[in-house]
Amino acid sequence: MHIADLLTAERVACGDPSASKKRVLEQLSALIAGGQPALTPTDVFDSLLARERLGSTGLGHGVAIPHGRVKHGTVTVGAFIKLQQPIDFDAIDGEPVDLLFGLLVPEQSTQEHLQLLAQLAEMFSDAAFVAGLRAAGSAAELHALLSQWKPGP
Amino acid sequence: MKIIILGAGQVGSSLANNLASEANDITVVDTEPQRLQALQDRLDLRTVTGQASHPEVLLRAGAEDADMLIAVTNSDETNMVACQIAYSLFRTPTKIARVRALEYLMHPQLFNPESIPIDVLISPEQLVTDYIHRLIEYPGALQVLNFAEGKVQLVAVKAYYGGPLVGHELQTLRQHMPGVDTRVAAIYRRNRPIIPEGTTVIEADDEVFFIAAKKDIRAVMSELRRLEKPVRHVIIAGGGNIGKRLAAALENDYQVKLIDHNPARARAVSEELSRTIVLQGDAADAELLLAENIEETDVFCALTNDDEANILSSMLAKRLGARKVMTLINRAAYVDLVESGEIDVAISPQQATIGSLLTHVRRGDVAAVHSLRRGAAEAIEAVAHGDKQSSKVAGRAVEDIKLPHGTTIGAIVRGSDVLIAHHDTVIEAEDHVILFVVDKKRIPEVERLFQVGITFL
């Protein structure tokens, strides 16, 4: 599975005005649940929150990967938000976060999902790539950048 | 964390005090602007004046962004409605409310997302009652705190000259009691913490905090001081919420007398309780206390809502011969004042309540928190998750965990088993780990330790 397969253009938002961790998780949940009849935003929100309670998904350098598992879910869905203003996310390095990749996986998560998470972490550790995301001016531009990224050799 | 506190009364204010000092973003709501002004003058927080349950007021308080709502106004109904509104309109992740009336509490099925969406109910009266009850069960203990639903207890005792272990190194404990496993989590000597090691020698008058399985507590206490004879006679002053509950909890196991000065209340309480002897009178009346055999009384508890009356009646009871006196004191300054004097145990409702709230404020999966030594120290029950890769705790032996300075791991609860921590005990995922943190400033490091890594799914 590739990161490009997780996203659609509708699930990418640029310049979201959310000003708190709680609100941006709500926005991510709405994006993830949109177009998925089996998912409600509330279920997704609860799942992301439950994971966040065990430890922040703030990777450092302004990036977070909120993720969760949802009961009865069968699909793996991603969503991406670039915030207008960075917010406090309790990240490892204490830096505020402005780039968030939300990921929802089925209850029976597999090795494949762990690899997906590792791939996301790798993608966001590429400083030039992240700078490109920050420079992007529209959701379409963000979507194109995220879809084109390929893991290094 | 962004937290909204509804109600700037005693509980609300002391909460704001505790939480504002911990880099939280606090907003307090109350109908009385003067109360809010008093808080704002000394603490770094935001205030909103208004009716706490109104959606518009919650919105102004920042409900759209808040991680937590703590409803502690004087009205149960306001607290419940505020939680309902926070849930329906704002999806507030954690909703905590004080509900006092047993009429509501006796129907726990009410409190779920389908009916009244409160995640955590707190009842300070119940917490204080349980706290006193445990102290009466273990005469001689200064504090008895539960972890893992009471499977493990943390007990504070003052070591007495003549206790078998006093004057000996801690490592001799095992020879003294081969069948009993315990761990000394901290020692306070002349109010200064000492980090206990095998070679630490316990001195008389040390305040010793130890952790053991519930069944072993008495055995460990007997090593530190001569065991006191069990409590039989209890006198309670004040038939309010706490006094009445305590009498009800004790009356089947102890001989309980309850004194209240209000004739109507004394009558009402006597009708509700079956075995307690209820007396109408003044608990600070020496003749009444003498007539009720105060000199034969093992524990005298002053539990009215008047601090000064509680302190004076306790002092009088002690002077007239009560073996031990426990006093309910709301004002923090008074607690410090009386504890070195004739009063054996000062009970602060705020101190008893704050722990159950901190449990939800702490980052990571935390099952219980007890605030100790007036908030300077803390005991935490944290749950380990993940594996050696995603966790800094799970899959590691106790000696390999990088604990912050002044922090000890006392015990581990695995399923229904209690394991006292030794250097080679390996922590597994889902273990409940009980830690003692001498310096509250180290709490963020402990939180970090138990948080899972990014790759935990």
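Colleague: How many salt bridges are there across the interface of chain A and chain B?

Modeller: The rule finds four across that interface, a salt bridge being a side-chain nitrogen of Lys or Arg within 4 Å of a carboxyl oxygen of Asp or Glu. One pair in a salt bridge is A:Asp90 with B:Arg363, at 2.7 Å from N to O. Bear in mind that this is a predicted model, where local features need pLDDT of at least 70 and side-chain atom pairs count only at pLDDT 80 or more, while totals for chains, interfaces and linings use all residues. Residues are numbered from 1 along each chain as its sequence is written, chains are lettered from A and ligands numbered from 1 in the order in which they are written, and side-chain values use heavy atoms, leaving out hydrogens and water.

Colleague: What else does B:Arg363 form a salt bridge with?

Modeller: B:Glu447, with the closest N and O atoms 3.4 Å apart. That pair links distant parts of the chain: B:Glu447 is in helix 15 (residues 443–450) of chain B, and B:Arg363 is in the loop between helix 14 (349–361) and strand 18 (366–372), 84 residues apart. Helices (H or I, at least four residues) and strands (E, at least two) are DSSP runs, numbered from the N terminus.

Colleague: Are those two buried or exposed?

Modeller: B:Glu447 is buried, with a relative accessible area of 7%, whereas B:Arg363 is partly exposed at 25%. Buried means under 20% relative accessible area, exposed over 50%, and partly exposed in between (1.4 Å probe, protein chains only). Salt bridges that share partners join A:Asp90, B:Arg362, B:Arg363, B:Glu378, B:Glu447 and B:Arg448 into one network.

Colleague: Back to the interface. How many residues does each chain give to the contact?

Modeller: Chain A gives 26 residues and chain B gives 24, with contact meaning heavy atoms within 4.5 Å. The area buried between the chains is about 2,100 Å², and carbon and sulfur atoms give 54% of that area. Buried area here is the accessible area (1.4 Å probe) that two parts lose on being put together, summed over both.

Colleague: And how many residue pairs are in polar contact?

Modeller: There are 13 between chain A and chain B, both residues being at pLDDT 80 or more. A polar contact is a pair of N or O atoms within 3.5 Å; within protein, one must be able to donate a hydrogen and the other to accept it, and residues adjacent in sequence count only if both atoms are side-chain atoms. On the side of chain A that touches chain B, the largest share, six residues, comes from helix 3 of chain A.

Colleague: New topic: which residue has a positive phi of about 50°?

Modeller: That's B:Glu149, although it is not a glycine. Most residues other than glycine have a negative phi. B:Glu149 sits in the loop between strand 7 (141–147) and strand 8 (152–158) of chain B, and B:Glu149 is exposed, at 77% relative accessible area.

Colleague: Last one: how does the model score?

Modeller: The model scores ipTM 0.87 and pTM 0.89. Chain B averages a pLDDT of 92, and 100% of the residues score at least 70; pLDDT is the predictor's confidence in each residue, from 0 to 100.
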